[in-house]
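Welcome, and thank you for taking a look with me. Please open the model below and keep it beside you as we walk through it.

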Amino acid sequence: MNKRILGDIEVSPIGMGCMGLSHGYGDIPNKQYSIKAIQMAHEFGCTFYDTAEAYGPNLLPKNMGHNEKIVGESVNEFRNDIVLATKLHLPADEAKEKGTYETLRSHLEKSMERLQTDYVDLYYLHRVNPNISVEEVAEGMGKLIEEGLIRGWGLSQVPVSIIQKAHEITPLSAVQNIYSMVERGVEDEVIPYCLENNIGLVPFSPIASGFLSGKVKATTDFSHSDDVRKFVPQLKKENIEANRPIIDLLEEYAEKKNATNAQISLAWMLHKYPNVVPIPGSKNQERILENLGAWNVKLTDTEFNALEDALNQIEVHGYRGFNETEGMGMKAWGKKPPKK
């Protein structure tokens, strides 16, 4: 397993998105199962764990920090051997009252308490708040780095125009945007800019909320109150059926490589870009280890080029996009057309 670098932070080539243990994919596992899942990932070799202050059942304010508490308890014994990433939302009224830096630090301190740590490796702004300048956020993050409370910082769901403004103030370690075989908008400008400026790209939903695994069918039920998949454009029944050629292609390569569809989709992006570190999420222990095992699936240049050529010829149905700001809800996903 070759490590990868986010800014100057070394991580395993695939991380673990921990959200599903608290929110987003139906009923959540019990606490002990979740703790064991994270510890199994560590035993497998994963050194990169992603959470957020907001992740809790139904994203209710009373459940804030649910996921951070699980992660903190899970990794306590090996905390200094891993990289912890968490995220905050920055309310405009709070920042106006306290100041941007003070608000950042207040949220960070609460996250550190839940994570049982005195520093966070990678601290993201979960969504840019259009009422607060990203330059102010960058300045505040720079102070947190100087104070040793965080090692690096990042932004999520942002275009190059925002990345550049922030990076010029305090260099970013990572950008966490949606990226997968069916959400490739970041390939146009974001990834090239990040490559040029030593910024890691951390794709969330790299298996497209399970679609690329081939296990999601048009009849799959997403009606649970806390299931984000009901809002995912590619998971509308008509799009699941229309995007079947992508699944057929993955199945072809999975058979050739003695791998799974999900592993091929992850191996594809690892082969394509050296600064990409996907964080697939699952609440299933077996799936978590399967996803991490994708770092052992190596595509030859010939295999990758053939896969890429075939993929480029397939029309993708359904689009979410990666430019989202504070206050945009899940119901807005896919309503803006892709940038030409």
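Leaving aside its neighbours within four places in sequence, which residues is Leu311 in contact with? They are Met181, Arg184, Ile246, Leu249 and Trp268, where contact means heavy atoms within 4.5 Å. Before going on, please note that this is a predicted model, in which local features need pLDDT of at least 70, side-chain atom pairs count only at pLDDT 80 or more, and totals for chains, interfaces and linings use all residues. Residues are numbered from 1 along each chain as its sequence is written, and side-chain values use heavy atoms, with hydrogens and water left out.

Back to Leu311, which sits in helix 12, residues 301–312. Helices here are DSSP runs of H or I with at least four residues, and strands are runs of E with at least two, both numbered from the N terminus. With a relative accessible area of 3%, Leu311 is buried; buried means under 20% relative accessible area, exposed means over 50%, and partly exposed lies in between, using a 1.4 Å probe and protein chains only. Leu311 and Ile246 are 65 residues apart in sequence, yet their C-alpha atoms are 7.1 Å apart in space.

Let us turn to helix packing. Two packed helices are described by the angle between their axes and the distance between the axes. Axes are lines fitted to C-alpha atoms, for helices over the stretch in contact, and angles run from 0 to 180 degrees between N-to-C directions. Helix 9 (residues 244–257) packs against helix 10 (residues 261–272) at about 95 degrees, with the axes 8 Å apart. That makes helix 9 roughly perpendicular to helix 10; angles of 65 to 115 degrees count this way, while those under 35 are roughly parallel, those over 145 roughly antiparallel and the rest oblique. On the helix 9 side, Ile247, Leu250, Glu251, Tyr253, Ala254 and Lys257 take part, meeting Asn261, Ile264 and Ser265 of helix 10.

A second pair is helix 2 (residues 66–75) and helix 4 (residues 100–115), whose axes are 7 Å apart at an angle of about 45 degrees. Helix 2 and helix 4 are therefore oblique to each other. Glu68, Lys69, Val71 and Gly72 of helix 2 make this contact with Ser111, Arg114 and Leu115 of helix 4.

The largest nonpolar core has 112 residues, and Phe48 and Leu155 touch the most other members. Such a core is a set of buried Ala, Val, Leu, Ile, Met, Phe, Trp, Tyr and Cys residues joined through side-chain atoms within 4.5 Å. Helix 10 supplies the largest share of this core, 7 residues. Beyond its neighbours within four places in sequence, Phe48 has contacts that include Leu6, Met16, Leu122 and Ile279.

Finally, look at the charges. The structure holds 22 salt bridges, each a side-chain nitrogen of Lys or Arg within 4 Å of a carboxyl oxygen of Asp or Glu. One of them joins Glu187 and Arg184 at 3.1 Å, N to O, and both of these residues are buried. Another links Arg229 with Asp227 at 2.7 Å, N to O; Arg229 and Asp227 are buried too. Lys256 and Glu252 also pair up, at 3.4 Å, N to O. Being 4 residues apart in helix 9, Lys256 and Glu252 are separated by about one helical turn. Lys256 counts as exposed at 54% relative accessibility, whereas Glu252, at 39%, counts as partly exposed. Through shared partners, salt bridges join Arg184, Glu187, Lys272 and Glu308 into one network.
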